[in-house]
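Let's take a walk through a protein together. Have a look at the sequence and the 3D picture below, and keep them open while you read.

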Amino acid sequence: MNGLIDISPDGETLEACAGVLQEVFGYDAFRGPQADIVRHVSEGGDALVLMPTGGGKSLCYQIPAIARARAGHGLTVVVSPLIALMHDQVGALIEAGVSAAFLNSSLTGEQAQQIEKQMLRGELTLLYAAPERLTTPRFLALLDSLHERGKLSLFAIDEAHCVSQWGHDFRPEYRALVVLHERFAGVPRVALTATADDLTREDIVTHLQLQDARRFVSSFDRPNIRYTIVEKKDGSAQLMRFIRDEHTGAQGHDAGIVYCQSRKRVEEVAGMLNDAGFNALPYHAGLDAALRQRHQDRFLREEGLIMVATIAFGMGIDKPDVRFVAHLDMPKNIEGYYQETGRAGRDGEAANAWMVYGLQDVVNQRRMIDESPAADEFKQVLRGKLDALLTLAEASDCRRMRLLSYFGEASTPCGNCDNCISPPALDDATESARKLLSCIYRVQQSSGMAFGAGHLMDILRGKVTEKVTQYGHDKLSTFGIGADLSETQWRALMRQLIAREAIHVDSAHFNTLHLADAARAILKGESQVWLRQLSEKKASSRSKSGRASQTARAPDGQPLSLSERDCLDALKAWRGEVAREHNLPAFVIFHDSTLRAIAAQKPRTLADLDGIAGLGQKKREAYGADVLRVVSAFD
Ligand SMILES: Nc1ncnc2c1ncn2[C@@H]1O[C@H](COP(=O)(O)OP(=O)(O)OP(=O)(O)O)[C@@H](O)[C@H]1O
Ligand SMILES: [Mg+2]
Ligand SMILES: [Zn+2]
């Protein structure tokens, strides 16, 4: 027995699943590979699903769960690390008429028992649980009892990259999930993640014993996200200009997330944004759990809030209308960058991923790796991953192509990243690179010790400082040979040479610079170095046409008329009340796009509501009449 469902032959499973999609979730069509996945999983196959952030992984297990429950197979258990989100996720299912519950440490003993009883009575279709709860002997015994009666239908392991130490969010508890396979061998399992790199993927397969699972790998492209990476000057002032220019309209500013590296920085930036009249909230692991939860709830429930956060924030957050993700500090690697930026624009509408970074970021990240207690091989992998991100940041060609190629996907220039929109002018900087590399070499030779970036720049630019005279560096042949470049340009060049591994930063010794392997080819004139022309003027004249802020538009892209906009406002106000009553985020009741479609179509009868995306049967019954009443006030 491998749990194969008996609603098969040919096409019937898919038909049943499409029925659930339409009836329960109110959507007309599966997105991309969803159709194949839900069929395979509904029929009892194991699966590993790799799909981008916001790609629609939840339906890949929710629909099979519902279809299989209807066919008498019982309960689907969803493993998720996201305790703080379970309440809303389950709330969304209940809104759609699905019997669901969660078990985690936020419940009292009595509440938990209540849910266990429901589960044993076969009243639940989906149960969300944290991994540490699931793998307790007590809970496994409950599952045994369901299993014996053939009422354990499916395991869905969400955010499966948590099993891997290479992922950005390693959770040791996830390793214990292998027990699901060992103990309930016949029960199908689907593991899902938005992390695509090979190391993580293989880790998932090994640690969860999914060698025989079918793999579904989607394109990782998020075409509606515009990638921009700029040089850090005065990071926070640049951030404010960015939000003001690109994300502020008559109605206030868009919802967005700003990532910073440290708790202290989070607090500073949130304070600064608030002082400047933006609505910002801090989020980091140093805040107490209740406050953190409150800030997360507000971000999900209110419009136009900016969450300033460490990477502790964001996984699994299904807020559809986050219009920008800004990085004030560089992430650790491309996976992290991709995950974090992926939280923008889940509704498919235009969104910005914007990052500032500078030499200091590179140095900091290197130091964190060097100083970590990990084994050398492990550090080597981390350094390689950091270098890949540096290369992306230094790139002067299409960012999206680079990003996708990192995940093994070939593509063509996208037309929707900073480099595609305004291709940077490049100068041949090979000669300057050679000056810098020889300077590093000469200084080390003459003084028997190495120096940091600042001092080397002083020598190159011919600045007579105390330190320069103290070491006699004004006597070197490289003194003053680089006066043609500004400090900013030298820094840019250093970053690029670090990214290319021509320079190594020794963080154990005061961040001194040393020659690395790739230096030889440059010094010998075998490889060229290009440097972006400084583009201070160009940056500010950037077209505003790319503004990702949300103007009210109907789903066909037509702007809404005045009365339609009033209608939309009225619908939003009504939705806000419902959401408060149910203690859920507004988008769980209806997405903006659903309300916009209603405002544009002005339904008169319940039948007119058919075919509006996001309005399943249960929601039509529960809210249809209210929606018609709100709409009827507008003609
Ligand atoms: N077939 C579909 N038609 C319309 N909307 C869909 C469809 N599938 C998913 N969506 C919507 O896409 C959004 C993102 O889906 P979901 O939360 O499942 O993403 P995810 O892949 O789990 O992302 P993450 O990795 O961030 O958790 C949801 O708001 C969902 O309603
Ligand atoms: Mg998800
Ligand atoms: Zn591009």
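Predicted model: local features only at pLDDT ≥ 70, side-chain atom pairs only at ≥ 80, totals over all residues.

Start by finding ligand 1, which has 19 residues around it. The closest of them are Y27, G54, K57, S58 and R346. Zoom in on R346 and you'll find a side-chain N or O atom 2.5 Å from an oxygen atom of ligand 1. K57 also points you to an oxygen atom of the ligand, with a polar side-chain atom 2.8 Å from it.

Now for the helices. When two helices pack, we describe them by the distance between their axes and the angle between those axes. Take α15 (residues 376–394) and α21 (residues 487–499): their axes come within 9 Å and cross at roughly 140°. On the α15 side, D387, L390, T391 and E394 make the contact, while α21 brings A492, R495, Q496, I498 and A499. Sorted by class, that gives four nonpolar, two polar and three charged residues.

Next, find α24 (residues 562–582) and α27 (residues 617–632), whose axes come within 9 Å and cross at roughly 145°. This crossing of α24 and α27 is right-handed. Among the residues in contact are W574 of α24 and Y623 of α27. By class, this contact between α24 and α27 has nine nonpolar, one polar and two charged residues.

Notes
Residues numbered from 1 in each chain as written. Chains lettered and ligands numbered in written order. Heavy atoms only, no water. Axes fitted to C-alpha atoms, helices over the stretch in contact; angles between N-to-C directions. Helix = DSSP H or I, 4+ residues; strand = E, 2+ residues; numbered from the N terminus. Contact = heavy atoms within 4.5 Å. Nonpolar A, V, L, I, M, F, W, Y, C, P; charged D, E, K, R; others polar. Near = heavy atom within 4 Å. Polar contact = N/O pair within 3.5 Å; in protein donor to acceptor, adjacent residues only side chain to side chain. Left-handed = near helix turned anticlockwise from the far one by under 90°.
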